[in-house]
Amino acid sequence: MSKVKYYYDQETLSYRKIEGKKGKKVRNFLVFLLASFLFGMIGLFTLLNTGLVNTPKELSTSRELKQYELQFALLNKKMEQMEEVLTDIEDRDNNIYRLYFEASPIPEEQRRAGFGGVNRYQALEGFDNSKTVINTTRKLEVLQKQMVVQSKSLDEIAKLAENKEKLLATIPAIQPVNNKALKRMASGFGWRTDPFTKARKMHWGMDFSAPKGTPVYATGDGVVKRSDNRAAGYGNHIRIEHGFGYESLYAHLSKYNVRKGQKVKRGDLIGFVGSTGRSQAPHVHYEVFKDGQRINPLNFYYGSLTPAEYEELLHVASQENQSLD
């Protein structure tokens, strides 16, 4: 119920009711509405500019930013896990693989090298989350570089492994005559008595005494370099080029089973024991060369002898006796 207002009339000495003008009421109401609207607009403008109230677009953008921040956090976590795995691979690469194949380890500064020069991340600056984006991008690029270095290292290791496999297959590693067919190991590498002059002379190979016609085998993979009797003293002989600087020679054969240029594998039958050339009795004179220099074949029989057989061969070969050629 609206209040009724009165005023005191001095002429009539009585209270009279105040009658409001209709136009004034309307004007007062309009002023109130205008003032309310202005104050409302000022309040809304203030709220929008103080960040206390966000528009739907701002709310959507804020949600997207939070989602991106979460994605960056997950990405950094995954990269940390990848770095741990890569560190383990690098450790095995340096301390196992490269060590086994006698390759120099990759220096740590080469694996961890960053990117110098101009600012690579200038385009990522000036945003609210620039620091996070730049750090993640930098970490990702360093990780990519480490993986490239490691990939190249593993390619090198694979090549070294392939070469190692070939080397192990080509090194002369067995006796040229089967142990069961041997009469005896007549003479070893070193100073021996010449059977014809009786003078002490350097014997550059090993003589394996066996009956004429006994099979002679290739001691390693390779290519037949010679198969003829045109070398003084050797008679019918075969030379095999194994690669990696290794060659082997088989002399005083009765006949050949291979020809020049033929590829052979370790254990292939290449000829037969004889006594051709400068020879006193049926045997095969066997020599091994490394980079053109004769070396003791005794060091290469790991592929065909037991420890006991090798010990016996070592004992016989060390004795100064008379050679057969």
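Visitor: What should I know before reading the values?
Guide: In this predicted model, local features need pLDDT of at least 70 and side-chain atom pairs count only at pLDDT 80 or more, while totals for chains, interfaces and linings use all residues. Residues are numbered from 1 along each chain as its sequence is written, and side-chain values use heavy atoms, with hydrogens and water left out.

Visitor: Where does Thr219 lie?
Guide: In the loop between strand S7 (215-217) and strand S8 (222-228). Strands (E, at least two residues) and helices (H or I, at least four) are DSSP runs, numbered from the N terminus.

Visitor: Why does Thr219 count as buried?
Guide: Its relative accessibility is 0%. Buried means under 20% relative accessible area, exposed over 50%, partly exposed in between (1.4 Å probe, protein chains only). Thr219 therefore counts as buried.

Visitor: What makes the pairing of Thr219 with Tyr286 a polar contact?
Guide: The side chains are joined at 2.8 Å. A polar contact is a pair of N or O atoms within 3.5 Å; within protein, one must be able to donate a hydrogen and the other to accept it, and residues adjacent in sequence count only if both atoms are side-chain atoms. The side chain of Thr219 also makes a polar contact with that of Tyr250, at 3.1 Å.

Visitor: Which residues is Thr219 in contact with, leaving aside neighbours within four places in sequence?
Guide: Among them are Ile171, Pro172, His242, Ser248 and Arg266. Contact means heavy atoms within 4.5 Å.

Visitor: What makes a set of residues a nonpolar core?
Guide: The members are buried Ala, Val, Leu, Ile, Met, Phe, Trp, Tyr and Cys residues joined through side-chain atoms within 4.5 Å. The largest here has 23 residues; Val216, Ile238, Tyr250, Ile270 and Val284 have the most contacts inside it. The largest share of this core, three residues, comes from S14. A second, separate core of five residues includes Ala231, Tyr234, Leu249 and Phe289.

Visitor: How do you know that S11 and S13 pair?
Guide: They share three bridges, in the antiparallel sense. Two strands pair if DSSP finds at least two bridges between them. In S13, Gly271 is the bridge partner of Tyr256.

Visitor: Why do S7 and strand S11 (253-256) stand at the edges?
Guide: The open sheet runs in the order S7-S13-S11. S7 and S11 each have a single partner strand, so one side of each is left without a neighbour in the sheet.
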